[in-house]
Amino acid sequence: MSQTVGDYFWERLKAWGVSRVFGYPGDGINGLLGALQRRGGDIEFVQVRHEEMAAFMASAHAKFTGELGVCLATSGPGASHLVTGLYDARLDHMPVLAIVGQQARTAVGAHYQQELDLEALYKDVAGTFVKQASVPGQVRHLVDRSVRMAVGERRVTALIFPNDLQEEAYEEPPRAHGAVMSGVGYTRPRVVPYDADLQRAADVLNAGSKVAILVGAGALHATDEVIQVAETLGAGAAKALLGKAALPDDLPWVTGSIGLLGTEASHELMMNCDTLLMIGSGFPYSEFLPEEGQARGVQIDLDPGMLSIRYPMEVNLVGDSAETLRALLPLLQRKEDRSWRETVEKSVAKSWETLEDRAMQPANPVNPQRIFWELSPRLPDNAILTSDSGSCANWYARDLKMRRGMMASLSGGLASMGAAVPYAIAAKFAHPERPVIAMVGDGAMQMNNMAELITVAKYWKQWASPHWICMVLNNEDLNQVTWEQRVMEGDPKFEATQVIPDVPYHRFAEMIGLRGIFVDDPDRLASAWDEALASPVPVVLEVKTDPEVPPMPPHITFKQMRNYASSIIADPNRGSMIANTARQVLGSVLPDDKDDKD
């Protein structure tokens, strides 16, 4: 049998180093699937429950490995289902290649079944490079360019294959006018600013007496360099959500997360600094950064489009964060006055005390913060953590202390529900020997994450370690939006939109061969985590939590207080709202009455 276009396609992807693809079958990609089967398994196919999950997994694979993530779907609905997960990769600057089928070339344009204008559909999410193959001799340069542009620009690209083309005999491009030759290979360049620009940045940083650092995902590979810079400058450092693993939280000057999901220490750091160094972060909320004119700014980012869009920086440096910081360090002067650093460290210590106090307050039945607080000291050194969007992201951001060697991520720029479980599955495939923990709200579980537990059940026995946990916060409420309605809009909880069914997630896990653990007593949390972390079978740990524990922002504005007060009047749960808010704000001075269930 001669080599088909499908055979050649996988051969070329393998030459680029691709060894895993996440996807779901369909007749629009039968030619590609047949060719993949003929390879004998040297490219692993991970079968998901839904194409959107395949795209999330490809995004997470890129995050947790630094490699190209690849997802595969059939024509029509399969291709359109990928879009949300692809936007997750797009907004978080992850290299992902989407491979999709299309109807036969003779049918395109005829309103044929499952025929969509896929180049138009993908033009935004994969606008860097999205092309439909037309002839066999074109496939070589399409594959090469789509991969090179994805990894080189950290963007999403897409290739569209008509089903009849997939099974045609492959032909190399002819050496003729109109044909294009191409080759395999890409090495990431060393990107460092000019010496003069580094000196300008150093001058700003050396002149400051109260330096604040903000790190994001772009600093994940620059931990040592950030620590050296912070020590030299006597700086404090806050972390954007995607940069949670960039600095360990046992450093006394690391203030933790920033923003609505952030800590008081991070808020104080930004409100009182006179110099801001932002490294590899696209943190979007300017109101949590210094007021314009308060601080002089220096920013480092590989993407020039991300420079000075959150704060007007005095010096903008295009460069790799680790390389740029290494070049910058010899130009920095050690600050002998450490009073600013001492102030930051006192603020950090106080912030951790506040978080512990809030986590240990009683609730009905379980305070969700305590779940994360109990997990934090039990985290294995090499754990990989994923979080969904929603109120669980608040506790993930604030209450979990990262240590060196851990990895963590979530849907950042897109902030999509339903990403935590596919992220955790991709993490386990990428690092099968490491323990992986997903933290999910019940809304995301019902939306799409329960189905992906079936994927875990299908594959877990082939993983080097079985330690995979999905922790579900069951509060029967779309909790983050409920609190946003109250605090941002001044509206009471709208039960028609917010209340969701009570589902026994732990029992579903048991039905499909996983282990289920249910907790509705806060004193049972510690032992439940110990059991889950030691389990020889993947675990769903379901905790019945109180939806009226407020996700307190680091700083409460007058508008937020006014809206909250307005919402209480008509809220169906106003008694619990008031009691829990009082505990969170005044917990350290209120009596500890565990029997108070208002």
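User: Does His111 count as buried or exposed?

Analyst: His111 counts as exposed, because its relative accessibility is 78%. Buried means under 20% relative accessible area, exposed over 50%, and partly exposed in between, with a 1.4 Å probe and protein chains only. Keep in mind that this is a predicted model: local features need pLDDT of at least 70, side-chain atom pairs count only at pLDDT 80 or more, and totals for chains, interfaces and linings use all residues. Residues are numbered from 1 along each chain as its sequence is written, and side-chain values use heavy atoms, with hydrogens and water left out.

User: Where is His111 found?

Analyst: His111 is in the loop between S4 and helix H6 (118–121). Helices (DSSP runs of H or I, at least four residues) and strands (runs of E, at least two) are numbered from the N terminus. Phi of His111 is near 55°, a positive value in a residue that is not glycine.

User: And what about the phi of His93?

Analyst: His93 also isn't a glycine, and its phi is positive at about 60°. Look for His93 in the loop between helix H5 (83–91) and strand S4 (96–102).

User: New topic! Which peptide bond is cis, with omega near 0°?

Analyst: That's the bond from Asn364 to Pro365. Pro365 sits in the loop between H13 and helix H14 (368–375).

User: OK, rings now. How many aromatic pairs are there?

Analyst: The count is eight aromatic pairs. Rings of Phe, Tyr and Trp (its six-membered ring) pair if their centres lie within 6.5 Å; planes under 30 degrees apart are stacked, over 60 edge-to-face, and the rest tilted.

User: Why is the pair of Tyr8 and Tyr170 called stacked?

Analyst: Their ring centres are 3.8 Å apart and their planes stand at 5°, so the pair is stacked. Tyr8 is in helix H1 (residues 5–15) and Tyr170 in the loop between helix H8 (163–166) and helix H9 (195–207), so this pair links distant parts of the chain, 162 residues apart. Tyr8 and Tyr170 are both buried.

User: What about Phe56 and Tyr423, how far apart are the ring centres?

Analyst: Those centres are 6.5 Å apart with the planes at 65°, so that pair is edge-to-face. Phe56 lies in helix H3 (residues 51–65) and Tyr423 in helix H16 (residues 420–430), so parts 367 residues apart in sequence are tied together. Phe56 and Tyr423 are buried.

User: Which ring does Lys244 sit over?

Analyst: The charged end of Lys244 sits over the ring of Tyr396, 5.4 Å from its centre. The rule asks for NZ of Lys or CZ of Arg within 6 Å of the ring centre and within 35 degrees of the ring normal. Arg486 does this over the face of Trp483, at 4.5 Å from the ring centre.

User: Which residues lie nearest the centre of the largest cavity?

Analyst: Thr255, Gly256, Thr263, Trp352 and Arg398, out of 15 lining residues. Strand S9 (254–257), helix H13 (339–359) and helix H15 (391–399) are the elements that give two or more residues to this lining.

Key: On a 1 Å grid over the protein atoms alone, a cavity is a set of points where a 1.4 Å probe fits but cannot get out, and a pocket is an open set with protein on both sides within 12 Å along at least five of seven lines; lining residues have an atom within 4 Å of a point.
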